[in-house]
Amino acid sequence: MPASEETSLRALESLMTEFFHSCTTNDRKREIEELLNSFAGQPGSWRHCLYFLSNSRNEYVMMYSLTVFENLVNKMWVGVASEDKAELRSCLPKLLLSQHTLLPFFIRNKLCKVIVDIGRQDWPMFYHDFFSNTLQLVQSPSLAPLGLVLLKMTSEELVCPREDLSVARKEELKKLLLEQIPTVLNLLTGILETVWDKHSVTVTTPPPSPTSRETGESPFCCLMVGDSTPVGLESESGTLCLLALECLAHLFSWIPLSSSITPALLASIFHFARFGCQTGQMIGHADRARLGVMAMSCINELMCKNCVPLDFEEFLLRMFQQTFYLLQRLTNSHSHTNTHSVKNRLQELDESYVEKFTDFLRLFVSVHLRRIESNTQFPLVEFLALLFKYTFNQPTHEGYLACLDIWSIFLDYLTTKIRSRLADRDSVLNRYKDALVLLLREVLNRIQFRLNQSQLEELDDETLDDDQQTEWQRYLRQSLEVVARVMELLPSQTFSILFPVLQEDLDIYLGLQQFIVTTRTNRRLNITAEADCRKLHCALRDLSSLLQAVGRLAEFFTGDVFTARFNDALAIVQRLVEVTCYGSQIIHKQNQLMSLAALQAYSHWLAQFCSEVQRQQDQTQFVDLITSSMAATTPLINAKVPEKLLVSACHLLVSMATTVRPVFLVSLPAIQNVFNLITENHNHRLPQEAHVLVCRALSNMLLLPWPSLPEAEQQWPSRSTSHARLVSTLTHQYRLLPRPPDHHTNSKVVLQQTLCVLRDVVDSISGEATKSRQICYQSLQESVQVTLALFPLYIQQPDVTDEMLSFFLTLFQALRVQMGVAFTEQIIQTFLSMFTRDQLAVSILQEGSAGSKVVEKFLKILQVVVQEPGQTFKPMLPSILSLCMEQVYPIVAERSCPDVKAEMFELLFQILHQNWRFFFKTSVLSSVQRSGAEEHMENQAQFIAAMQAFGQSFLQPDIHIFKQNLRYLEILNSKHKLYHRKLFRSSMLFHFINVLLQVLLHKSHDLLQDDITLALYNMAAVDFQAFYSSFLPEFLNGCQGLDPHQRTTLARNFTPERDLPSFSQGVYRLVNDLRFYRLCNGSLPPGTLKL
């Protein structure tokens, strides 16, 4: 660039304009970028930038110049000459003061940031007036806004600095700032008070509102200093207060609660929080609302703090009292006759303010309620009444749901409190009983279309969110969770409120029969009047919601309260059965779905009923319930029924067979019809999901033991025969599949469908008694043999082998004892022979493909095998290890393949964990004696290879594999003292520590910082003496980019502590300071003499 600064400036302006011009090519932009970087890297380039900044109004040039300064301060400051530093410390603040009013705000802020960055490096030693200058600006009437910008930036940059500082410097800065906090807070209080007083004095205090002292209003409002709120606020004053509040919000995010936060400061913040409560279209309303939002942000920062000193609790109380007053202002209606005025008022407020206020209420209830509840000066019941008013006048659905979350937190708190104080349960409950009943009624009202149709119709019931539910479903679910929590506290009151509402909608639904008109071709509903149609629509939507509600409450009728609440539950179940029976006549799909789902929710209650009636002579009531419900459900198990309804009916059948298990279930005519439907060969096959569910239900009816009956009465012989017949029918086509397979697509369909059914049948009895599993395996034996014979024939078709291996995996998990050793070994050997190196490579390299999934399943099967206790499968360990380390590992080691890799390392871990004695033959005697005798080790080469594989995985970017493998090593250490083993200590320990420290230095896996530090501690704890005296110096000597003095300092600062917190702090300091030193050394000019 030319020597003349003026010429340089013009050249730079031209370059910057060209760079950002739309016609400039990418190649030209790269040239310009290289030119600018080259100029910025020249020694003394900052002097030119100082000239550019002072003499150019081109925003691109100013931004470039400031970027050069920023880079100089943050990356090269150590190498800058002290006289140059002094010049910069002097020139930049002067430039800011002379031009801050002319600069665009983003340029001004960038310049402030550079000055604060210098302060971060040099204050107080070399830049002693940095902070005092900022405070002087804050106190100057004309420069206060600039001072506040600098103050907030100082809080941001000095308290949470990036890694360009040593830990000692970070600690020093925080300590220095904390010393200044009382002064800073006093100054900010003064600014807020001055503005408030100035504008409050200039207006006449308005007469008291007729509602300002409503009956029952808390006396706490008198604690507010005055009740007038300034009507007008000058723009400059508003901006000043906004900056002061922004400053406070950031300061409150890190300073501890202390006496520095004075009542005067708190009162000032609450003064401005009132601005958010004001409605209307007055001039400056939006600016005033912003002040209210920022004041609430300050309050919420204080509320977030869970660690409250004892002497601060009184202060907290005062804060809650002031918020109580704000809540009264928000929920005061201006007229007793207009019930919508509160809602309208909230609707007119700034949306962000309402959100912040809701956040405050959530923080109050979740963090501080336990502190304040017992304080007689805080009227908690009155607070709940206001919260109730605030909740049910929310102008948006999102706001309402956010308030329901607060009630859920409160109800959880109450439930926990009652469980811990059972003795005075009633007195605690009585205090809140009225509030809870009121809440319950209103929440139930809010989900009913007949009371809120226009509002509820606004909710989207089609688009699914990330949780796979619509807006309406989320609204209903959150409402029902509140109902359920109230039910837990007040069961009888909840039932007495909910059941009549359900009855009302049921009566409308059950009364539809009279409006049905039957013709030769169809049946239709003869209701045409618009009002009647609307009423019916609402009633049917509400019935669906209330059926969901009673289903959600099913858990509160079982267990210890079964007998006490029996009649209530029986009334519900009888109505549900009635609706289910009726649904087959009046097809209203949604209500049929809900009645089936609700009835299924009561399956645990029916199971308890079943156990109770086994001891009684008269079982009529129970038998009638089951018989009626099955008679109503089984006609829906039909290919012609809509699939959603069909699947719902199948799930209810599964619950009856699996959870309730009545002895007579299998003999019911309705169930016999289902057996016939499934086993007879006809063209109307059910959809696959429904077919699998029905097969599971029928299998479980025959396999699962009947509750409360002795073994002799279980009728196992006849049930075993029936089960064998069922499975034989289900697998008939499968067992006749041609070998070798023909290319008829039907063969593949039969194979996949049958294996899916068999896998589900096995999986459903995996946790059951031995007898059930024995019968199941007897029935499946032939199909298992067929599958093993078919496996080699389909090895080139990964979608089929995937299904086969899924089936075998389930077999191994559930029935390996029944299969026996010989057959299990035969299966494994077949697999091992089929999965050659080439076959594995083909499968694995198609990442995410069916082939890759086949290998994952195979590795899962081997995991089950190696976990089997005893010596049964020990002879197979060498071949499994060989497959793992010699065939799978070389393929996945240097590739991504996350799924296969995860399963391979899981297998490797299980081999080590479950078969430790395969490697370490420690005798019981030497374990007890803990003698220093030599460890007897076998299969050493395989052990070393496994450890190397684990170590290699820590050098790769996959964070999930890293986390998984680190956890595996920690488990092996806690269970088998891995890190203490002689081989590991002598040849691997320091390698692992070195790798983990390098990972921390490179910040590649920062999310796992705590996990890595814990593993480092456990490894170092094997021999702390060797770690501090031998490993640490060796590690530091191997670190590039450090001088000897820095190495000595790093070693000295890592104090040889042996407790985890101190060690963790030492690791953090070592990593941070090492990175800092490298940054400093990299920024020094070549040839700099380091002292």
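Analyst: Happy to. One term before we start: a residue counts as buried when its relative accessible area is under 20%, with a 1.4 Å probe and protein chains only. Keep in mind that this is a predicted model.

User: Switching to charges: what does the count of salt bridges come to?
Analyst: The count is 41 salt bridges.

User: Nice. Which residue does glutamate 504 form a salt bridge with?
Analyst: Its partner is arginine 450, and the closest N and O atoms are 3.3 Å apart. Glutamate 504 sits in helix 21 (residues 491–510) and arginine 450 in helix 19 (residues 449–457), so this pair ties together parts that are 54 residues apart in sequence.

User: Are those two buried or partly exposed?
Analyst: Both fall in the partly exposed class: glutamate 504 has 41% relative accessibility, and arginine 450 has 38%.

User: What about arginine 735, which side chain does that one meet?
Analyst: Arginine 735 meets glutamate 782 in a salt bridge, at 3.6 Å from N to O. Here the pair ties together parts 47 residues apart in sequence, because arginine 735 lies in helix 31 (residues 732–735) and glutamate 782 in helix 33 (residues 770–790).

User: Is arginine 735 buried or exposed?
Analyst: Arginine 735 is buried, since its relative accessible area is 19% and the cut-off is under 20%. Glutamate 782, on the other hand, is partly exposed at 47%.

User: Which residues do salt bridges that share partners join into one network?
Analyst: Glu70, Lys110, Lys113, Asp117, Arg120 and Glu157 are joined that way.

User: Last one: how far apart are the closest N and O atoms of aspartate 424 and arginine 421?
Analyst: They are 2.8 Å apart, and the two residues form a salt bridge. Aspartate 424 is partly exposed, with 26% relative accessibility, and arginine 421 is partly exposed too, at 35%.

Conventions
Residues are numbered from 1 along each chain as its sequence is written. This is a predicted model: local features need pLDDT of at least 70, side-chain atom pairs count only at pLDDT 80 or more; totals for chains, interfaces and linings use all residues. Side-chain values use heavy atoms; hydrogens and water are left out. A salt bridge is a side-chain nitrogen of Lys or Arg within 4 Å of a carboxyl oxygen of Asp or Glu. Buried means under 20% relative accessible area, exposed over 50%, partly exposed in between (1.4 Å probe, protein chains only). Helices (H or I, at least four residues) and strands (E, at least two) are DSSP runs, numbered from the N terminus.
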